[in-house]
Amino acid sequence: MKADLVIIGGGPAGMGAALEAHRLGVRDIFIIERDLFLGGILQQCIHNGFGLHLFNEELTGGEYAQRFIDQLGTAGIRVLTDTMVLEVKSGLVRAVNKDGVLEIQAGAIILAMGCRERTRGAINIPGSRPAGIYTAGAAQRLLNIEGLLPGKRAVILGSGDIGLIMARRLTLEGAKVLAVAELMPWSNGLARNIAQCLNDFDIPLLLSHTVVGIHGSKRLQGVTLARVDEKFQPLAGSELSVPCDLLLLSVGLVPENELSRKLGIAIDSVTNGPVVDQHLHTSSQGIFACGNVVHVHDLVDFVTLESRRAAAGAAAWLQNSRPRSWLAVNPGENISYVVPQRLTLPAQEDITFLLRVKKPLKNPIFSVTAGGVELIKKQRLVARPAEMAELKLPAAKVPANSEITIDCRGEEQ
Amino acid sequence: MYDVIIIGAGIVGCSAAYCLSRCQLRVLVVEQGPDVAVATSAANSGIVHAGYDPKPGTLMADLNVQGNALYPKLCKELDVPFRRCGSLVVAKAGEEDSLRCLLARGRANSVPDLAILGRDEILSREPNIAPDAETALYAPSAGIVSPWELTLALAETAAVNGVQFMFNTRVTGIQVKEDAVQAAETEHGSLFAPIIINAAGIGADHLARKAGAERYDILPRKGEYLLLDKDLDGFVRHVVFPVPTPISKGILVLPTMEGNLLIGPTAFDVWDREDLSTTREGLAAVGRGGLRLFPGLPLHKVITSFAGLRAVPADGDFVLRRSAKVKGWIDAGGIQSPGLSAAPAIGEKLVGLVAGLTELKPKVQLQRPPVRRLRELPLAERQEWIERNPLYGRIICRCEGVSEGEIVDALHRPIPASTLDGLKQRTRAGSGRCQGGFCQPRLIAIMARELGISPLAITKAGPGSEMLAGRLAKGEGE
């Protein structure tokens, strides 16, 4: 089989890229999705808040996804669900499903595999290994798709959005959420989620705390929490025993780049996603990437916008547009990472930088410099690691050949 | 009424069952856990040692070397992957005497092809080894195997040859009359047999006492491990040991048969025989031990950690004997390292001990049904299997590439999976880098469907470890 464009992943990133590619004239498009339905993680997000930027509405995850699913049919985009991509080699996408092994030779590929959750094992929580320990997303799937309750008395580790949403979700289903523990001295989640998921339900948020022990040989009986110091080491004597039968882990998302690594694509060690240029082109010719597989987003609206840029990149590639040279984009002071990590020249459109700061800052000033010259400067009210920031650099300001550095300076909170 | 009852379905009990299943005997294996290989046999290093470590003249030494020699043929017969990757005991400056001692012991134990390597040779074999590694004892006959895969293969072969297995059944006492074994007492009633093989692992000494047999003591010694991700590009190629300590072989680093990197174990004596918890100090010690051998070890790629208990015999050697006090009682206790390595030979030895008590008439031994690992098949074969059964085309465990067809197969094998841990051991579903985050909800649904039970009844590891607490209340109109 042959196709112009094969998109791996049918979540918001994949669907957004497919529709935009079609709008730009690409015709032979496949979306390959491993789950039974399209929508990716949105399928299990029954809470609203999606689409505030893009549609000016507060949709549920499913409603947001449906807006895209509805358009795929009319665009004649071919969708293979319940199909797992096994490998990609020299533009050949090999996948498997109930009909057998299939191979599609693609003109361009867009990686949109999303991310997976960090596990207990990855953060080395000591203790026993009973039933009753779930990552927050897995518990969300059980609850919202299968209608099954994973436990009745919960402690949640991690105040990222998934943990916060699940705190509210469990409470609404009659479980008792005893505490949300957060390793950092500040919460990772969106401010509105702290308010609507914890404060509204009187669920205590224990900052600078972590789980230091897990008890119960068959089913979870309790956890031990402890306060941590500035180096995130548990403080002796601060231990707190919390009887519970459910521990939810919301301790980070890891972009799902097994396929990318097997392809030898250059990976950014901070984002754990592919190094990309402003067209979301990876280091592997003809392979693009967008969405959570590149870097973990907070808002699906930004995923959709990013997927449109990737689609434009793939469409241009299929029209034989080839990059001539690159310049590096470096994260500077207080910047954890910037996407894109490089710019191809000449830059024909304005560049959208998406980045995260390392520490929360009041009155931050973002500065984009190249060769000692400041290209743009932007002041904001606040910058938080938990909220991805966006900076636009007009095409005319993209330098001809010096590396770009982005810094952020402000008052620490 | 049985001819032989084996208490314990770990590697020792299942090896005995496998060997006895060649004879015309009614054999029952009774196990307190929900499955084979749930205790020590599931939580060890998976090493088939070369045999230079045990003291010459001991059962440990003899059976280690004999067992090691039996591995290639046995694993081929059982279709269990086994790799003779070789081992290196790496010495730093000042530790050379330990190596010489191990070499001498190895020679006394008839371990084949031992050699002392210099720094250059070590580097060529293990490019990532610590810069201060000076010399190493190289043992080409050492290998790696999946301990639960082997235990299951032995058990299933025994099962298709008539051996019965009873799980979730704890033996609480032994009925002895006129100094002869009568029965094993359990919560579900008495199981009668004139011969009982005690392969009860950590609890073997207590059972021996209940039978009135010659006393021995088991000291539980905990070992903690870190398991790293796969695809680390052959970072470590052999089983690599430091020089041993008085109580253990040290913290080693090795590739597993499945392709992960394993580091461990620590060695810490404990009182609580049910304590399988990992500890902060233990895991930190494992990390340090690994870095001591391989300073570049990618510890950030840890995917899980676990602990196991060794059944250390207080007298220092395996307890493998017929009781002289209680007729019919056979002990197979204190099987700590090199227990896995010795297991094939222990099984044969136990048959020999049974032979002294009853007539053994041989019968043809059938093979268990083959295990399909679709991800290992060439594409054309994979296509054929999918055409036969479309469920082989639906991948459930993304990290390990396990299809729904393989999961369904595991739920209907001669010794079927009945828990999520059992599914993981048989198919690898849930043992990858996402540790079940993606597949667990699906596995629960498949198990419930195939076993015809409510998802609320699905357990991680037997009764008491149910995965779920309830169903959501349905709304009106549903």
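Student: Arg94(A): does this residue count as buried or exposed?

Tutor: With a relative accessibility of 17%, Arg94(A) counts as buried. The cut-offs are under 20% relative accessible area for buried and over 50% for exposed, with partly exposed in between (1.4 Å probe, protein chains only). Keep in mind that this is a predicted model, where local features need pLDDT of at least 70, side-chain atom pairs count only at pLDDT 80 or more, totals for chains, interfaces and linings use all residues, and side-chain values use heavy atoms, leaving out hydrogens and water. Residues are numbered from 1 along each chain as its sequence is written, with chains lettered from A and ligands numbered from 1 in the order in which they are written.

Student: Which residue forms a salt bridge with Arg94(A)?

Tutor: Side chains of opposite charge can pair when their charged atoms come close. A salt bridge here is a side-chain nitrogen of Lys or Arg within 4 Å of a carboxyl oxygen of Asp or Glu. Glu87(A) is the partner, with the closest N and O atoms 2.4 Å apart. Glu87(A) is partly exposed, at 23% relative accessible area.

Student: How many salt bridges are there over all chains?

Tutor: The count comes to 45. One of them pairs Arg394(B) with Asp82(A), closest N and O atoms 2.8 Å apart. Arg394(B) sits in the loop between α9 (379-388) and β22 (395-397) of chain B, and Asp82(A) in the loop between β5 (78-80) and β6 (84-89) of chain A, so this pair joins two chains. Both ends are buried: Arg394(B) has a relative accessible area of 16%, and Asp82(A) has 13%.

Student: Where does Arg116(A) sit, and where is Glu258(A)?

Tutor: Their side chains meet in a salt bridge at 3.2 Å, N to O. The pair links distant parts of the chain, 142 residues apart: Arg116(A) is in strand β9 (residues 115-117) of chain A and Glu258(A) in helix α6 (residues 258-262) of chain A. Arg116(A) counts as buried, at 13% relative accessibility. Salt bridges with shared partners tie Arg116(A), Glu258(A), Glu256(A), Asp229(B), Arg398(B) and Arg433(B) into one network.

Student: Zooming out, how many helices and strands are in chain B?

Tutor: Chain B has 12 helices and 24 strands, read as DSSP runs numbered from the N terminus (helices H or I, at least four residues; strands E, at least two). Its radius of gyration is 23 Å, close to the 23 Å the globule rule gives for 478 residues, so chain B is as compact as a globular protein of that length. That radius is taken over C-alpha atoms, and the rule is 2.2 Å times the number of residues to the power 0.38. The C-alpha trace of chain B spans about 70 × 65 × 45 Å along its principal axes, and 60% of its 478 residues are buried.
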